[in-house]
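Hi,

Here is the structure I promised to pass on. Have a look at it first, and then read my notes below.

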Amino acid sequence: MSIRPPAPTPPRLDRNTATPEKPKPLTVGFILLPGFPLMSYAAAVEPMRAANTLLDSEVYRWWHAAPGGGAVQASNGIAILPDVDVGDTKLDADRVFVCAGGNPAAFDDPALTAWLRHLARRGITLGGISGGPYLLARAGLLTGRRCTLHWEHVPAFEERYPDIEVVRSLFEIQDDRITCSGGIAALDLMLNLIERDHGPGLANGVSDWFLHNQIREGLSPQRMDLRLRIGVRDPRLLRVLAAMETNLETPLSRQGLAELARVSIRQLELLFRNRIGISLHQHYLALRLDRAHQLRRESALSSADIAMATGFANAAELARAERRRRLRATRPSSTVVEA
């Protein structure tokens, strides 16, 4: 059973004083790109609905827009019908969020870019959820600012916009720009905004409504702890795995990794075989190939640049490694020797 936060004490009025008007609701816009992540959108819009319900008052309103007009489909096929046209210069909005998923780097709509710039000139707070910051960056609206976005989009974003500071946090609120990594982080973002707008009582009430027993701060990490994500607890392995993930452009040597683990190379290889099930080389190579795949999908980098960004000597070496991976995937019983 949800408990409503206590209502604010009404002001004392003289007999001749009229009842004060309710404050104007905050209006929040959602610009949904084709293939937008429904989880992220729902986590952002539902807390406002809950706030209205708990206060028994419309303190939030929201609208939807989509490039091209017409129904816009989420990544799972569910469609939402927009009620605002992209380019509308007279609409009411206090905050506007761009919600994007899939491959936002490939989406280019000059009309949307111009509209975002117009909204910024009007002083409207602009935000991006999941891959949405890509659209803000393309419009030049994140220059000189700090931002975050979903960890899957970060490598390509950093390559494309090296002058924008990217932090791998849940969300960032910096003056009139808000960015969010997406997923359930959008719920934490909205709870923090509700607290700013209406106080901690309402934010806690909405959090409790959604069985969310802890409101996370923006600087909380996006990804699950390595111990849980990979399923290992050995501190020696954890040090090595963390170093691998942060050194893909210039891979560390086996000797350097062994020194991090404070064991011999042979002992480290045994740890990987016994605890992870593959060799040290295979795990490191898989990380680099995954990064290359992300960059191919979400950036316009050449094969040579992608090879350089993932620690391969040249595009040909990267292509060979990718072919061997595809061969293993299609012929799991075959033995493929790694270079």
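This is a predicted model: local features need pLDDT of at least 70, side-chain atom pairs count only at pLDDT 80 or more; totals for chains, interfaces and linings use all residues.

R262 sits in the loop that links α9 (254-261) to α10; helices here are DSSP runs of H or I with at least four residues, strands are runs of E with at least two, and both are numbered from the N terminus. Although R262 is not a glycine, its phi is positive, at about 60°. R262 is also exposed, with a relative accessible area of 70% (buried means under 20% relative accessible area, exposed over 50%, partly exposed in between, using a 1.4 Å probe and protein chains only). D175 is another non-glycine residue with a positive phi, near 55°. You'll find D175 in the loop between β9 (171-174) and β10 (177-180), and D175 is exposed too, at 71% relative accessible area.

Residues are numbered from 1 along each chain as its sequence is written, and side-chain values use heavy atoms, with hydrogens and water left out.

On confidence: the chain averages a pLDDT of 87, and 91% of the residues score at least 70 (pLDDT is the predictor's confidence in each residue, from 0 to 100). Over residues 1-20 the pLDDT is below 50, and this stretch has 12 contacts in the model beyond near neighbours in sequence (a contact means heavy atoms within 4.5 Å). Residues 333-339 also stay under 50, with 11 contacts beyond four places in sequence. By element, confidence is highest in strand β1 (residues 26-32), at a mean of 98, and lowest in helix α7 (residues 226-230), at 78.

Now the overall picture. The chain has 13 helices and 10 strands, and its C-alpha trace spans about 90 × 45 × 40 Å along the principal axes. Of its 339 residues, 46% count as buried. If you take the contacts between residues at least 6 apart in sequence, 64% of them join residues at least 24 apart.

In the first, helix α10 (residues 265-276) packs against helix α11 (residues 280-298) at an angle of about 70°, with the axes 8 Å apart. Axes are lines fitted to C-alpha atoms, for helices over the stretch in contact, and angles run from 0 to 180 degrees between N-to-C directions. That makes α10 and α11 roughly perpendicular to each other (under 35 degrees counts as roughly parallel, over 145 as roughly antiparallel, 65 to 115 as roughly perpendicular and the rest as oblique). On the α10 side the contact uses L268, E269, F272, R273 and I276, which meet L280, Q282 and H283 of α11. By class, that comes to four nonpolar, two polar and two charged residues (Ala, Val, Leu, Ile, Met, Phe, Trp, Tyr, Cys and Pro count as nonpolar, Asp, Glu, Lys and Arg as charged, and the others, Gly among them, as polar).

In the second pair, the axes of α11 and helix α13 (residues 315-330) come within 11 Å and cross at roughly 105°, so these helices are roughly perpendicular as well. From α11 the contact takes in L285, A286, L289, D290, A292 and R296, and from α13 L318, A321, E322 and R325.

What about the cysteines? The structure holds zero disulfides (pairs of cysteine sulfur atoms within 2.5 Å). For C99, the nearest cysteine sulfur is that of C180, 8.9 Å away. Both C99 and C180 are buried, each with a relative accessible area of 0%. Beyond four places in sequence, C99 is in contact with I31, L32, L33, F36, P37, S40, Y41 and I129.

Lastly, H153, in the loop between β7 (146-147) and α4 (154-160), counts as buried at 2% relative accessibility. Setting aside neighbours within four places in sequence, H153 is in contact with G102, P104, S130, G131, Y134 and E298.

Cheers
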